[in-house]
Every structure is written in C-alpha cells, then in structure tokens.
Amino acid sequence: MNKLIVLSGPSGVGKGTIVKQLLKRGGYALSVSCTTRSPREGEKEGVSYFFITERKFGEMAEKGGFLEYSRHFGHGYGTPKAFVEKQLVNHDVILEIEVDGALQVKKAYPDALLIMIVPPDEEELKARLIKRGSETSQSIAERLSRNAYELSKRPFYDYTVVNDDLQTAVEEIDGIIKSSKK
Ligand code: 5GP
C-alpha cells in the first residue's frame with residue numbers, strides 16, 4: 001500500500017533539498033501544489049507549482065478539488081486531489097506543505113506519515129533564509145514569525161528529523177518511511 005508522506009518544517013530548513021534527494025532514490029513521487037502566489041525566478045509551471053488565479057483557487061476549494069488547502073503569506077496553497085490520487089497508484093507520494101494543511105491531511109488520511117524537519121538551531125535557520133535572497137525583508141520577517149508557529153505544531157507530527165547534515169537527514173527520513181511500510 002503506497003503512502004502519503006507529509007514533510008513540513010520552517011521556511012529555509014532545507015525541505016526542498018531533502019525532497020530532491022529522496023526523489024533521486026526512486027520510488028517516490030512529489031505532489032505539485034497549486035498556489036496563487038507568483039512564480040519566483042527559476043520556478044516552472046507544473047513542476048514547482050501550478051500557478052493559478054484566486055478565482056480558480058476558490059473554485060477548486062469549493063468543488064472539493066483539494067486534498068487540503070490553507071492560506072498563508074496572503075496566498076492560497078492547496079494539494080490537488082486528483083493529481084495525488086493518480087500518483088499514489090504507483091508511488092509513495094511526498095507532500096511538502098505547511099502545518100495547517102498537514103493536520104488536515106492526517107484527519108482525512110490517518111495512515112499518512114507526518115514528518116517535521118527542524119533546524120539544528122534557530123540562528124542557523126535565519127542565516128539560511130536570508131542567504132536565499134529571494135525575499136524582501138518584510139517577507140523574511142513574516143517567514144520568521146511563521147516559523148515559530150510551524151515549530152509549535154511539532155507534537156502533532158509522527159516524527160521529527162533534524163537537518164544538521166543533509167545526507168544523514170535524507171537517510172533518516174527514507175528509513176522512517178521504509179519501516180512504516182513493513
Ligand atoms: P513557498 O511560497 O515558500 O513556496 O511556500 C510557503 C509555504 O507553503 C511552505 O511552508 C510550503 O511548504 C507551503 N505549501 C506549499 N504547497 C502547499 C500546499 O499545497 N498546501 C499547504 N497547506 N501548504 C503548502
């Protein structure tokens with residue numbers, strides 16, 4: 001039985017890099033979310049996200065087209081249900097989403113595995129987020145306060161993994177997923 005795997009964690013913690021490494025290992029598919037925010041440099045339609053209008057987002061939400069959705073940073077983010085169900089036929093599917101959405105997934109799919117990725121320390125995380133350089137300082141501030149909220153939901157997650165060393169974190173997550181399927 002293939003699994004829904006939810007990866008969350010504060011902004012800048014390295015979720016994206018971890019996901020890339022997991023995908024390289026094979027057996028996993030990545031859910032592509034819908035968002036109403038604009039693409040950042042280098043982001044591709046249908047790969048990074050499906051970039052949709054507010055109107056389309058509202059329609060999908062109303063018609064039950066999302067497996068979960070939430071609004072943060074002034075934009076809508078949602079997991080397209082049909083897309084994920086199709087991927088689940090042949091793969092474990094990774095959802096890289098924030099905590100409110102993650103808890104909705106757990107409610108609807110109690111077998112989903114919720115893994116939170118945390119930084120070795122907060123200062124290190126702040127440095128990473130600023131280094132990313134794709135945000136304004138106001139948006140960085142918003143993300144930092146959001147991070148505290150994300151971390152506060154840690155008790156609701158099945159596992160917490162510290163991203164100190166990338167390969168160790170990837171190994172650990174892969175191991176958690178494999179053993180959850182035994
Ligand atoms: P960003 O704008 O930096 O790509 O993402 C901001 C936040 O939205 C991240 O915490 C990311 O995990 C979350 N996110 C991305 N896609 C979804 C989604 O489909 N649903 C929910 N609930 N959050 C999402």
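Axes here are lines fitted to C-alpha atoms, for helices over the stretch in contact, and angles run from 0 to 180 degrees between N-to-C directions. By that convention, the axes of helix α5 (residues 122-132) and helix α6 (residues 137-152) come within 11 Å and cross at roughly 140°. The model is predicted: local features need pLDDT of at least 70, side-chain atom pairs count only at pLDDT 80 or more, and totals for chains, interfaces and linings use all residues. Residues are numbered from 1 along each chain as its sequence is written, and side-chain values use heavy atoms, with hydrogens and water left out. Helices (H or I, at least four residues) and strands (E, at least two) are DSSP runs, numbered from the N terminus.

**Helix pair α5 and α6**

- α5 and α6 are therefore oblique to each other; angles under 35 degrees count as roughly parallel, over 145 as roughly antiparallel, 65 to 115 as roughly perpendicular and the rest as oblique.
- The crossing of these two helices, α5 and α6, is right-handed (left-handed if the near helix is turned anticlockwise from the far one by less than a right angle, right-handed if clockwise).
- On the α5 side the contact (heavy atoms within 4.5 Å) is made by Glu122, Leu125, Lys126, Leu129, Ile130 and Arg132, and on the α6 side by Ile140, Arg143, Leu144, Asn147 and Leu151.
- By class, the residues of this α5 and α6 contact are six nonpolar, one polar and four charged; Ala, Val, Leu, Ile, Met, Phe, Trp, Tyr, Cys and Pro count as nonpolar, Asp, Glu, Lys and Arg as charged, and the others, Gly among them, as polar.

**Helix pair α1 and α7**

- Helix α1 (residues 15-25) and helix α7 (residues 166-180) have axes that come within 10 Å and cross at roughly 60°.
- α1 and α7 are therefore oblique to each other, and α1 passes α7 in a right-handed crossing.
- Thr17, Ile18, Gln21, Leu22 and Arg25 of α1 make the contact with Leu166, Gln167, Ala169, Val170, Glu171, Ile173 and Asp174 of α7.
- Six nonpolar, three polar and three charged residues make up the contact of α1 with α7.

**Five-stranded sheet**

- Five strands form an open sheet in the order β2-β7-β1-β8-β9, with parallel pairing (two strands pair if DSSP finds at least two bridges between them).
- β2 (28-30) and β9 (159-162) are the edge strands, each pairing on one side only.
- The twist averages 30° from one strand to the next.
- β2 and β7 pair in the parallel sense over three bridges, and Ala29 has Val93 of β7 as its bridge partner.
- Strand β1 (residues 4-8) pairs in the parallel sense with strand β7 (residues 92-96) over four bridges, and Val6 has Leu95 of β7 as its bridge partner.
- β1 also pairs with strand β8 (residues 113-118) in the parallel sense over four bridges, where Ile5 stands opposite Leu113.
- β1 is mostly covered, with five of its five residues buried (under 20% relative accessible area; exposed is over 50%, partly exposed in between, with a 1.4 Å probe and protein chains only).
- Leu4, Val6 and Ser8 lie on one side of β1 and Ile5 and Leu7 on the other, and all are buried.

**Four-stranded sheet**

- An open sheet of four strands has the order β4-β3-β6-β5 and mixed pairing.
- β4 (50-51) and β5 (66-72) stand at the edges with a single partner strand each, so one side of each has no neighbour in the sheet.
- Strand β3 (residues 34-35) and β4 run parallel and are joined by two bridges; Thr35 has Phe51 of β4 as its bridge partner.
- Helix α2 (residues 54-62) lies across β3, β5 and β6 (75-80), running at about 135° to β5.
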